[in-house]
Amino acid sequence: MILAGDVGGTKVVLALYIFDRGRLNHVREEIFPAKDYGGLEEVARKFLAESGNPEVMAACFGVPGPVRGGRLKLTNLPWMLDSKELGTGLKIEHLFLINDLEANGYGIPELSADQLYELSSGDAGVVGNRGLVSAGTGLGEAILVWNGKMHIPMASEGGHCDFSARSEIEIDLLRYLQRTLKGRVSFERVVSGLGLNNIYTFLRDEKGMKEPAWLKERMLHEDPNIAIAELGEAGTVELCARTLDMFASAYGAEAGNLALKVLAVGGMYLGGGIAPKLLKKMKDGAFMKAFADKGRLSDLLIHTPVRIILEPRCALMGAAAYADARAAELTGASMRAASR
């Protein structure tokens, strides 16, 4: 059995996997509110106990942030994670911590065609580096380097790079955020769940777009981003529709930036929770127009495949695949190979 985890600032998702004929087979999964626990070991112990304490041969957790020497201090939780300490405490000999976008990257080869949506086919037959951009609570980015045999995911904190305005209204947005944030503005402040709200308040407060009283009241009682997405895609509130226009364009521009930086001729992948929930908006052309708008290099981007990851368990699948591969390197025995 393999224990896989997707650790976030608000929740921890744990799952058990086995291999069946070389493919990952999901056994059990549970979601834990992170604030209710003192650390990842406590969460994992509870999950394993509720699962009947199965024999776990290897484990891997995708975590938000840069992992150094098997250790990470979480930004949004008072947790210090150490792979050796976790392995000892949970009695799992082969336990690994990797960046959450790395986990997503390792999950992509495990996906079937129906777990992806092709936004642009590009030159689908070209093999080479890939890029991964995931807008969710924050903005994650990763590079999938082609080594001649397989894609090797490499973590990145590219979402924290400086936001680059491309138009008069984006320049105004940048200045607005510089004032409200009292300093620099990263792409994550625009292309993320937080970014959606930032764009909305900018258009309302700075550009004077009307916010209906009933919408203001609704947003007090539910996640504002849900309302923005629903009403924006329906086109019933101009403020919400314009917010989605700016969001999709900025998302496309940054995805195109990463595609240029890593020469992602093998394709760009969009992970995270936002793109699948805004599929109608992502398909209307605003994203792809900004993605390919790269001057003399536009033709390269036009021929780059772009795919949206629809499978919410991609990071868990990647963590499980990574755990098996690394354990096999250390022991010479692969659970995937044994199941074929």
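Predicted model: local features only at pLDDT ≥ 70, side-chain atom pairs only at ≥ 80, totals over all residues.
Leucine 263 sits in the loop between helix H8 (238-262) and strand E12 (268-271). I read its phi: near 50 degrees. That is a positive value, and the residue is not glycine. Leucine 263 has 47% relative accessibility, so I log it as partly exposed. The cut-off for exposed is over 50%.

I then turned to lysine 91. It lies in the loop between helix H2 (83-90) and strand E7 (95-99). Phi of lysine 91 is near 60 degrees, again a positive value in a residue other than glycine. Buried or exposed, I asked of lysine 91? Its relative accessibility is 73%, so lysine 91 counts as exposed.

Helix H3 (residues 100-107) came next. How many of its residues are buried? I get 8 of the 8, so H3 is largely enclosed by the rest of the structure. Buried here means under 20% relative accessible area. The buried residues of H3 are Asp100, Leu101, Glu102, Ala103, Asn104, Gly105, Tyr106 and Gly107.

What covers them? I find strands among the covering elements: E4 (58-63), E7, E9 (130-135), E10 (139-146) and E11 (151-156). Helix H13 (314-331) is also included in the cover.

Last, I looked at the start of H3. A side-chain oxygen of asparagine 99 comes to within 2.8 Å of the backbone nitrogen of leucine 101 there. Leucine 101 is also on my list of buried H3 residues.

Note on methods. Residues numbered from 1 in each chain as written. Heavy atoms only, no water. Helix = DSSP H or I, 4+ residues; strand = E, 2+ residues; numbered from the N terminus. Buried < 20%, exposed > 50% of the residue type's maximum accessible area, 1.4 Å probe, protein only. Contact = heavy atoms within 4.5 Å. Polar contact = N/O pair within 3.5 Å; in protein donor to acceptor, adjacent residues only side chain to side chain.
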